[in-house]
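User: I have a structure here that is new to me. Can you walk me through it?

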Amino acid sequence: MSEESLPQDAGAQDAHTGYDDSREAPGEALPAYAERVLDLAELIPPGRVMTYGDVAEWLEEGGPRQVGRVMALYGGAVPWWRVVRADGVLLPGHEQRALGHYRAEGTPLKEASRAAEGHLPRLDMRRARWDGGERAEGHT
């Protein structure tokens, strides 16, 4: 991912890369935008997902790349596997960990065809996608 900046209050961070299990870089306050993204990720029910774009749209701030950057830098302490690509492809480099979570939570999957690279399933986005309703009401 590029060094694309986060929305206004988020600032550029490079202390962490990948999906580690902390919500803050040592000695640094978590940017407010990142906190909102992570809070929403925690609201996504087990077995459901939101795309990076869904999260940005729900927050009415940023875009898919900014959400992806937040998840890459700070997402390890939240259910990161529930914030996904719109095409349902499992997160590269984290496929097996994510697949374990999806199977444990009963997240709808589409089994891979034999021609699919690595024979990995995809998320069934039509059935797994969560619109942020019910439990998210009143949270912004």
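User: What does the protein chain average in pLDDT?
Analyst: This is a predicted model. The protein chain averages a pLDDT of 82, and 71% of the residues score at least 70.

User: And where is the pLDDT below 50?
Analyst: Residues 10-17 have a pLDDT below 50. Beyond near neighbours in sequence, that stretch makes 16 contacts in the model.

User: OK. How many helices and strands are there?
Analyst: The protein chain has 5 helices and 4 strands. Starting at the N terminus, the order is α-β-α-α-β-α-β-β-α.

User: What share of the residues is buried?
Analyst: Of the 140 residues in the protein chain, 47% are buried.

User: At what angle do α1 and α3 cross?
Analyst: Their axes cross at roughly 85° and come within 10 Å. The two helices, α1 and α3, are therefore roughly perpendicular to each other.

User: Which residues make that contact?
Analyst: From α1 there are Tyr33, Ala34, Val37 and Leu38, and from α3 there are Gln66, Val67, Val70, Met71 and Tyr74. By type, the contact of α1 with α3 has 8 nonpolar residues, 1 polar and no charged.

User: And how do α2 and α3 cross?
Analyst: The axes of α2 and α3 come within 8 Å and cross at roughly 105°. That angle therefore makes α2 and α3 roughly perpendicular to each other. Here Tyr52, Gly53, Val55 and Ala56 of α2 meet Pro64, Val67, Gly68 and Met71 of α3. The residues of this contact of α2 with α3 are 6 nonpolar and 2 polar, with no charged.

User: Which residues of α2 are buried?
Analyst: In α2 they are Tyr52, Asp54, Val55, Ala56 and Leu59. These buried residues of α2 pack against α1, β1, α3 and β2.

User: What comes just after α2?
Analyst: Glu60, which takes a positive phi of about 60° just after α2. Glu60 is not a glycine, and it lies in the loop between α2 and α3.

User: Is Glu60 buried or exposed?
Analyst: Glu60 counts as exposed because its relative accessibility is 74%, and the cut-off for exposed is over 50%.

User: Back to the inside. Which residues touch the most other members of the largest nonpolar core?
Analyst: Val37, Val55, Val67, Met71, Val83, Tyr102 and Leu123 do, in a core of 35 residues. At least two residues of this core come from each of α1, α2, α3, β2, α4 (95-105) and α5 (125-128). The largest share, 7 residues, is from α1.

User: Fine. What does Val67 touch?
Analyst: Leaving out residues up to four places away in sequence, Val67 touches Tyr33, Val37, Tyr52, Val55, Ala56 and Val83.

User: Now the loops. Where is Trp80?
Analyst: Trp80 is in the loop between α3 and β2. Trp80 counts as buried because its relative accessibility is 3%.

User: Where is Gly47, then?
Analyst: Gly47 sits in the loop between α1 and β1 (50-51). With a relative accessibility of 5%, Gly47 counts as buried.

User: What does Gly47 touch?
Analyst: Gly47 touches Glu105, Gly106, Thr107, Pro108 and Ala128, not counting residues up to four places away in sequence. Gly47 and Arg103 are 56 residues apart in sequence, with a C-alpha to C-alpha distance of 8.5 Å.

Terms used: Residues are numbered from 1 along each chain as its sequence is written. This is a predicted model: local features need pLDDT of at least 70, side-chain atom pairs count only at pLDDT 80 or more; totals for chains, interfaces and linings use all residues. Side-chain values use heavy atoms; hydrogens and water are left out. Axes are lines fitted to C-alpha atoms, for helices over the stretch in contact, and angles run from 0 to 180 degrees between N-to-C directions. Angles under 35 degrees count as roughly parallel, over 145 as roughly antiparallel, 65 to 115 as roughly perpendicular and the rest as oblique. Contact means heavy atoms within 4.5 Å. Ala, Val, Leu, Ile, Met, Phe, Trp, Tyr, Cys and Pro count as nonpolar, Asp, Glu, Lys and Arg as charged, and the others, Gly among them, as polar. A nonpolar core is a set of buried Ala, Val, Leu, Ile, Met, Phe, Trp, Tyr and Cys residues joined through side-chain atoms within 4.5 Å. Buried means under 20% relative accessible area, exposed over 50%, partly exposed in between (1.4 Å probe, protein chains only). pLDDT is the predictor's confidence in each residue, from 0 to 100.
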